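Here are my notes on this one, in numbered points. Keep the structure open while you read.

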Amino acid sequence: QVQLAESGGGLVQAGGSLRLSCAASGRTFSSYTMGWFRQAPGKEREFVAAISRSGGTTYYAETVKGRFTISRDSAKNTVYLQMNSLKPEDTAVYYCAATRGERSYYDTRDPIIYNYWGQGTQVTVSS
């Protein structure tokens with residue numbers, strides 16, 4: 001079992017930056033592909049980014065590619081989402097998620113494959 005806890009959300013002006021963190025419990029962090037999703041009011045949860053177990057492979061949604069960077073620190077059991085050049089349309093609750101094993105690009109984009117979810121952290125970007 002894995003427990004996930006996000007932090008780092010907040011209010012930022014357009015063009016600014018935030019770094020989200022997701023701390024994972026347990027000793028098998030390296031067994032999990034990790035993902036970030038977001039959900040804006042009235043919208044479905046959408047894929048943002050994912051990272052392989054080793055951290056050597058990353059995937060991004062087209063809407064954030066070039067602005068967001070996902071990374072992981074196995075020593076700290078933590079996955080990060082560095083968000084730069086933020087836009088008002090990035091406003092959402094951001095969730096981290098974990099799925100056991102290695103996953104393909106297409107799999108990582110589907111929230112149904114993730115077994116564990118954090119409680120979410122609010123990101124608000126003002127114009």
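1. Start with the hairpin of S5 and S6: six residues lie between the strands, and Gly55 has a positive phi near 85 degrees. Strands here are DSSP runs of E, at least two residues long, numbered from the N terminus. S5 and S6 pair in the antiparallel sense over three bridges, where pairing takes at least two DSSP bridges between two strands. Ala49 sits opposite Tyr60 in S6.

2. A quick word on the source: this is a predicted model, where local features need pLDDT of at least 70, side-chain atom pairs count only at pLDDT 80 or more, and totals for chains, interfaces and linings use all residues. Residues are numbered from 1 along each chain as its sequence is written, and side-chain values use heavy atoms, leaving out hydrogens and water.

3. Now look at the other side of S5. S4 and S5 are antiparallel too, with five bridges, and Trp36 has Ala49 in S5 as its bridge partner. Their hairpin has six residues between the strands, with Gly42 in the turn at a positive phi of about 80 degrees.

4. Is S5 mostly covered or open? Mostly covered: five of its six residues are buried, meaning under 20% relative accessible area with a 1.4 Å probe, protein chains only.

Definitions and conventions. Buried means under 20% relative accessible area, exposed over 50%, partly exposed in between (1.4 Å probe, protein chains only). Helices (H or I, at least four residues) and strands (E, at least two) are DSSP runs, numbered from the N terminus.
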